Amino acid sequence: MGVTVLQPYPLPEGKSGAHIIDQLSKRLLSLGATHAGQFLVDCETYISTPQPHNGSPGRAVHVLHDSEHPASTFSIIDNGTGKQVALVADNSFDLLMGKVTNTFTSKKQTKIESRGARFEYGDFVIKLGSVTMMEHFKGILIEIEYKACVILAYCWEMIREVLQGFLGIGVGKDFPSYFATQTIMTAMGQQQLHAKHNDIFEPMDTVKQYLEQFTNYRKHVALLGSMGSGPGGPPVHMSPSVVGHAHRP
C-alpha cells in the first residue's frame with residue numbers, strides 16, 4: 001500500500017453529486033485510466049452509556065471498514081479529550097461491539113459511508129466516493145493512492161500533478177491537513193514538533209482521514225439541524241490549495 005490522500009471535492013452550485021462524479025469518471029477514462037471495480041468505506045460510532053453527568057466528554061468508539069481490507073475491522077477509541085487509540089482487528093470485533101450494549105450504544109442515525117468507482121492510472125489508484133448518511137447524499141470524497149511511494153514528503157508533488165490533471169483546478173503546495181506538523185509529548189514529558197509527512201504511511205492513516213472527513217460531514221449536519229436548514233455537505237473553502245474502497249459482504 002502506498003501513500004493515500006483523501007479530501008472533499010467542492011460541489012458546484014446547481015450540480016448534482018451524480019453529475020460531478022460522472023464528469024470526473026469520464027475525464028479519468030479519457031486520460032487513460034481504467035475502471036477497476038467499486039469500493040466502500042463505512043463508519044459506525046458507538047457512544048458510552050450512560051453519558052457523564054459532570055460535564056466531562058463521553059467516550060466514543062468509531063468502527064470503520066474499508067473494502068481494500070475486507071478481513072479487517074478498524075476501530076478508533078476517542079476519550080473525548082482529543083486523545084485517540086487506534087486498533088486493527090478481524091471482523092469478530094463487530095460481534096464484540098454488539099455484545100457491549102450496556103456500555104456502548106450505536107448512533108445508527110449517524111452511520112456514514114463513502115462508496116463509488118475505483119480507477120487505476122499507472123501507479124495510482126483513484127476512488128470517486130459519494131458520501132451518504134442515512135441514505136442522504138452529503139458530498140464527494142476523492143481518494144488517491146500512489147502505490148510507488150510510502151512517505152508523503154517524497155511524492156506530494158507527483159500526487160498534486162495527477163490531481164490537477166483530472167480535476168482541472170489548482171492544487172496548493174501545502175501538505176493536506178492530516179499530514180500537518182504536530183506537537184507531540186515525548187517519553188520525558190517534553191513537547192516537540194513531529195513532521196507527520198515524513199512518516200511511513202500505514203492503512204490506519206487512510207482510515208483516520210476518512211474518520212476526519214466523516215466527522216466534518218456529521219458536524220455540518222448537526223449545525224444545519226440547529227439552524228433549521230436542509231441537507232448538504234460540509235463547506236469546502238476553495239483556495240489555490242483545494243483538493244487536494246466494492247461493498248463489504
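Modeller: This is a predicted model, in which local features need pLDDT of at least 70, side-chain atom pairs count only at pLDDT 80 or more, and totals for chains, interfaces and linings use all residues. Residues are numbered from 1 along each chain as its sequence is written, and side-chain values use heavy atoms, with hydrogens and water left out.

Biologist: What percentage of the residues in the protein is buried?

Modeller: Buried means under 20% relative accessible area, exposed over 50%, and partly exposed in between (1.4 Å probe, protein chains only). Of the 249 residues in the protein, the buried share is 43%.

Biologist: Within what arc do the buried residues of α1 fall?

Modeller: Helices (H or I, at least four residues) and strands (E, at least two) are DSSP runs, numbered from the N terminus. In α1, the buried residues are Gly 17, Ile 20, Ile 21, Leu 24, Ser 25 and Leu 28. They line one face of the helix, because seen down the axis of α1 (directions from the axis to the C-beta atoms) they fall within an arc of 135 degrees.

Biologist: Which exposed residues does the opposite face of α1 carry?

Modeller: The buried residues of α1 pack against β1, β7, β8, β9 and α3 (contact means heavy atoms within 4.5 Å). The face turned away from that buried side carries the exposed residues Ala 18, Lys 26 and Ser 30.

Biologist: Is Ile 77 buried or partly exposed?

Modeller: Ile 77 is found in strand β4, residues 72-78. Its relative accessibility is 31%, so Ile 77 counts as partly exposed.
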